[in-house]
Amino acid sequence: MAATSLNAPNAPLLQKTHQTHVFLKTISTIPCQTSAKRFSISCSATTQDRLSVQSQSQDRVFNFAAGPATLPENVLLKAQSELYNWHGSGMSVMEMSHRGKDFRSIIEKAEADLRSLLNIPENYAVLFLQGGATTQFAAVPLNLCAPGDSVDYLVTGSWGDKAFKEAKKYCNPKVIWSGKSENYVRVPSFDGLELNPNAKYLHICANETIYGVEFKDYPVPRNPNGVLVADMSSNFCSKPVDVTKFGLIYAGAQKNVGPSGVCIVIVRKDLLGNAQESTPVMLDYKIHADNNSLYNTPPCYGIYMCGLVFEDLLKQGGLEEVEKKNQKKAGILYNAIDESKGFYRCPVEKSVRSLMNVPFTLEKSELGAEFLKEAEKEKMVQLKGHRSVGGMRASIYNAMPLAGVEKLVAFMKDFQAKHA
Ligand code: PMP
C-alpha cells in the first residue's frame, strides 16, 4: 500500500476548492478501492487543529436569506474537513448508523451543548425532530390538550396565524389578539390582554420572520396550570432565554442553528404523555423523549451540523456574547434606515424590532428591482422582502458577520445618494 498525496486525481473531496484551501498536515490512512488496485491516500479531515484552513471568504456572498440561511464559515469549513472521514471512523456522518456509538456521541454532545447554551434544566426534554416548525403547529395541540380544550393564540404575524389555523383542527383555539389589521407592526401590551383563565396554553411566535416583530419579554398565561408555548424558529439561540418561563419551545433549525430538516423541541417533562389518541407516533413528544430522539432514523447530518453550530456559539462565549453582537449588527442597520430621512423605512414599532429580520421599504418603491440588482452585483443576496409584504428584508442571523451588515449599510447610503 503506497501513500498517495491528496493532489492525486483520485484524492477525496477535501482539497483545494475555489472557495477554500485546506492544507493537510497529518496523515490518516483511508483505504480506497479503484478498479485497478487498492491503495492508501493521505488524508487528515479529522479535527480542525490538524488542519491549516485558509478561508477565502471573498468567494462567498453575504446571504441575507430568511432561511435556509447563512451558516458560520468556520462551521462549514469544519464540516468540510470532517465530511469524508469523521474523526477517523472511516465514514461520513451521513453514512453512520444512528444507533452506533459515533452518532450517539454526536447527538449527545449536541444536546449537552444546547443545554449549556440555553441553561436548560433537567426537567425539560430536548428533542431533535423532523417536519419543520410547521409540523409543530399540529404537534403542540395534539400533545398538550384534549380535542375540546381551550387555548390562546397571540398573533403578531403570519406564522402565529398559521399555527392558530392548524390548531383549530385539534382543539379549541382563540386568537386573543391579532396585529393583522395594522399589518403586524407591534406586540400588544400584556396588561390589556383578555387571556382565557382555562386555556391549556398561550402560544406566541417569539420572532415573526416575515414582519420582523420580536417579543422582548413574554406574557404569562392567566391559567395557573397553563403554559407559555413559543415558536422560536427565527430567533433561537440569538440571545439568552429563560426556558423556565415556557412549557414548550420549538424552532426549525434552518435560520440560526443549522440546515433545514431538523426541528428542535424543548418541552417540560411533566407535559409529556397526554397526547390525543389519534396522535401519529411521529408527532408524539413522549415517544421521542423516551427514545432520546432516536425512535426512528433522525436527520443525522442536520443534527451533526447543529452540534457544530452549538459548539461554535459556546466558543464565542455563549448567548450573552452572541446577543451583544446581534444588537450591534441590528443597531447599525436600523440606524441607517431611521437616519435616511424617509428614503428607507421600517414599519415596525421600535421597541419590538427584530434583531434577526429587518424589513424595510423604499420610499420610491419603483427602485426596488434596481436596489436588489445592484446589491447582488456587490455580492449581497436574498434581500427581497417576503412575497406577502414586498419591500426588502435583511435577515441578519447569528452567522451574518458584522462586515456583512456594514457592507449593506454602506451600500444603502450609496444607493440613496445616487437616487434621492
Ligand atoms: N415559524 C417561523 C417563525 C418561521 O420563520 C418559519 C419558516 N420560515 C416557520 C415557522 C415554518 O418553518 P418550517 O418551514 O421549518 O416548517
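Helices here are DSSP runs of type H or I with at least four residues, numbered from the N terminus. The model is a predicted one. Its protein chain holds 9 helices and 19 strands.

**Chain overview**

- The protein chain has 420 residues, and 54% of them count as buried.
- Its accessible surface comes to about 18,700 Å². Carbon and sulfur atoms account for 50% of that area.
- Among contacts with a separation of 6 or more, 69% are between residues 24 or more positions apart.

**Ligand site**

- Thr 134 places a polar side-chain atom 2.5 Å from an oxygen atom of the ligand.
- Thr 209 has a side-chain N or O atom 2.4 Å from an oxygen atom of the ligand.
- Asp 231 faces a nitrogen atom of the ligand instead, with a side-chain N or O atom at 2.6 Å.
- On its own, the ligand has 390 Å² of accessible area, and the protein covers 84% of it.

- Strand β13 spans residues 227-231 and is mostly covered, with 5 of its 5 residues buried.
- Side chains in a regular strand alternate between the two faces of the sheet.
- Strand β10 (residues 201-205) pairs with β13 in the parallel sense, over 5 bridges. Within this pairing, Cys 205 has Asp 231 as its bridge partner.
- Strand β14 (residues 248-252) also runs parallel to β13, joined by 3 bridges. Here Asp 231 stands opposite Tyr 250.

**The three-stranded sheet**

- Strands β16, β17 and β19 form an open sheet in the order β16-β17-β19, with antiparallel pairing.
- The edge strands are β16 (344-345) and β19 (392-395), each pairing on one side only.
- Strand β17 (residues 357-362) is joined to β19 by 4 bridges, and the two run antiparallel.
- Val 358 has Ala 394 of β19 as its bridge partner.
- Pairing between strands of a sheet, whether parallel or antiparallel, goes through backbone hydrogen bonds.

**Backbone points to inspect**

- Gly 67 and Pro 68 are joined by a cis peptide bond, with omega about -5°. Pro 68 sits in the loop between β6 (62-63) and α1 (73-83).
- Lys 341 is not a glycine, yet its phi is positive, at about 55°. Its loop runs between α7 (319-338) and β16.
- Lys 341 counts as exposed because its relative accessibility is 79%, past the cut-off of over 50%.
- Lys 379 also has a positive phi, of about 65°, without being a glycine. Its loop lies between α8 (368-377) and β18 (380-381).
- Lys 379 has a relative accessible area of 34%, so it is partly exposed.

**A buried loop residue**

- Asn 398 belongs to the loop between β19 and α9 (402-419).
- Is Asn 398 buried or exposed? With a relative accessible area of 16%, Asn 398 is buried, because the cut-off for burial is under 20%.
- Leaving aside residues up to four places away in sequence, Asn 398 touches Cys 237, Ser 238, Asn 256, Leu 313, Val 322, Asn 326, Lys 329 and Met 356.

Key. Residues are numbered from 1 along each chain as its sequence is written. This is a predicted model: local features need pLDDT of at least 70, side-chain atom pairs count only at pLDDT 80 or more; totals for chains, interfaces and linings use all residues. Side-chain values use heavy atoms; hydrogens and water are left out. A polar contact is a pair of N or O atoms within 3.5 Å; within protein, one must be able to donate a hydrogen and the other to accept it, and residues adjacent in sequence count only if both atoms are side-chain atoms. Accessible areas come from the Shrake-Rupley method with a 1.4 Å probe; for residues, only the protein chains shown count as cover. Two strands pair if DSSP finds at least two bridges between them. Buried means under 20% relative accessible area, exposed over 50%, partly exposed in between (1.4 Å probe, protein chains only). Contact means heavy atoms within 4.5 Å.
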